[in-house]
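Subject: Structure handover

Dear colleague,

Here is the structure I said I would pass on. My notes follow below it.

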Amino acid sequence: MKVAHFSFTLAILALATIASAYDPSPLQDFCVATNDPNNALFVNGKFCKDPKLATAEDFFTSGLNIPGNTNNKVGSNVTTVNVDKIPGLNTLGISLVRIDYAPYGLNPPHTHPRGTEILVVVEGTLYVGFVTSNQQDGSNKLFTKVLNKGDVFVFPIGLIHFQFNTGHTPAVAFAGLSSQNAGVITIANAVFGSTPPINADVLTKAFQVDKNLINYLQKQFWTDNN
């Protein structure tokens, strides 16, 4: 009986070991393998400095007290503090952004493919929300909330979300992300402003609209607020 129990325990431990063995999460859009070190420009993340050579400056940046320039078509600006700004963030799985909103400014619908976001409002009032992935019944549920100063909201990893300043005064928010490089895909920019453009027939079929409207949208200048 003891032998059987011991064997069962070993089997469970073996399965747990297999379950915990997985590929590391990507820290960039893709990382194409190469056998030629002369063509190896990037790794999944950053190369590590010798710890003996690290200094306090590797873990520091400044300037988040300075408002971002919101003079653009969407009326918002995102100031990102990720591993490119603070090298010491490498491998730590965290980053930070400051978001400034002009009156009635919008941080347009976008996703972070590699990170969950937790946002706190510092000034102003924001209407925020996210949309779920496709549900079993084919629907996509919208979760929204009006946030005031001091309120906190979470946007789950990979889901489309937005923030809109509903007030006639500027607003400010800070957000933490669960990746050193969470990435951002602004939906309108990606769909209608890609290089080269997506074939208009594809978008006409997908959005079920007139092709002339797609051609019009693809000719617009899509604002990058990051």
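A residue is called buried here when its relative accessible area is under 20%, and exposed when that area is over 50%. Please keep in mind that this is a predicted model.

Salt bridges

By that cut-off, Asp100 and Arg98 are both buried. Their side chains form a salt bridge, with 2.9 Å from N to O. The structure has six salt bridges.

Another of them joins Asp29 to Arg114, where the closest N and O atoms are 3.1 Å apart. This pair connects distant parts of the chain, 85 residues apart: Asp29 belongs to the loop between helix 1 (2-19) and strand 1 (76-81), and Arg114 to the loop between strand 3 (106-111) and strand 4. Asp29 is exposed, at 65% relative accessible area, whereas Arg114 has 13% relative accessibility and therefore counts as buried.

Glu123 and Lys149 also form a salt bridge, their closest N and O atoms lying 3.4 Å apart. Glu123 is in strand 4 and Lys149 in the loop between strand 6 (142-147) and strand 7, so this bridge ties together parts 26 residues apart in sequence. With a relative accessibility of 37%, Glu123 is partly exposed; Lys149, at 58%, is exposed.

Nonpolar core

The largest nonpolar core consists of 18 residues, and Tyr101, Leu119 and Leu126 have the most contacts inside it. At least two residues of this core come from each of strand 2 (95-101), strand 4 (117-123), strand 5 (126-131), strand 7 (152-155) and strand 9 (171-177). Strand 9 contributes the most, with four residues. Beyond its neighbours within four places in sequence, Leu119 has contacts that include Ile99, Tyr101, Leu126, Phe153, Phe155 and Phe174. Asp151 and Gln163 are also among the contacts of Leu119.

Helix 3

Which residues of helix 3 (200-207) are buried? They are Ala200, Leu203 and Thr204. These residues span an arc of only 105° around the axis, so they sit on the same side of helix 3. Their cover includes helix 2 (187-192) and helix 4 (211-218). On the face turned away from the buried side are the exposed residues Lys205 and Ala206.

At the start of helix 3, a side-chain oxygen of Asn199 comes to within 2.7 Å of the backbone nitrogen of Asp201. After the helix comes Gln208, which has a positive phi, near 55°.

Regards

Terms used:
Residues numbered from 1 in each chain as written. Predicted model: local features only at pLDDT ≥ 70, side-chain atom pairs only at ≥ 80, totals over all residues. Heavy atoms only, no water. Buried < 20%, exposed > 50% of the residue type's maximum accessible area, 1.4 Å probe, protein only. Arc of directions from axis to C-beta. Contact = heavy atoms within 4.5 Å. Polar contact = N/O pair within 3.5 Å; in protein donor to acceptor, adjacent residues only side chain to side chain. Core = buried A, V, L, I, M, F, W, Y, C linked by side-chain atoms within 4.5 Å. Salt bridge = Lys/Arg side-chain N within 4 Å of Asp/Glu carboxyl O.
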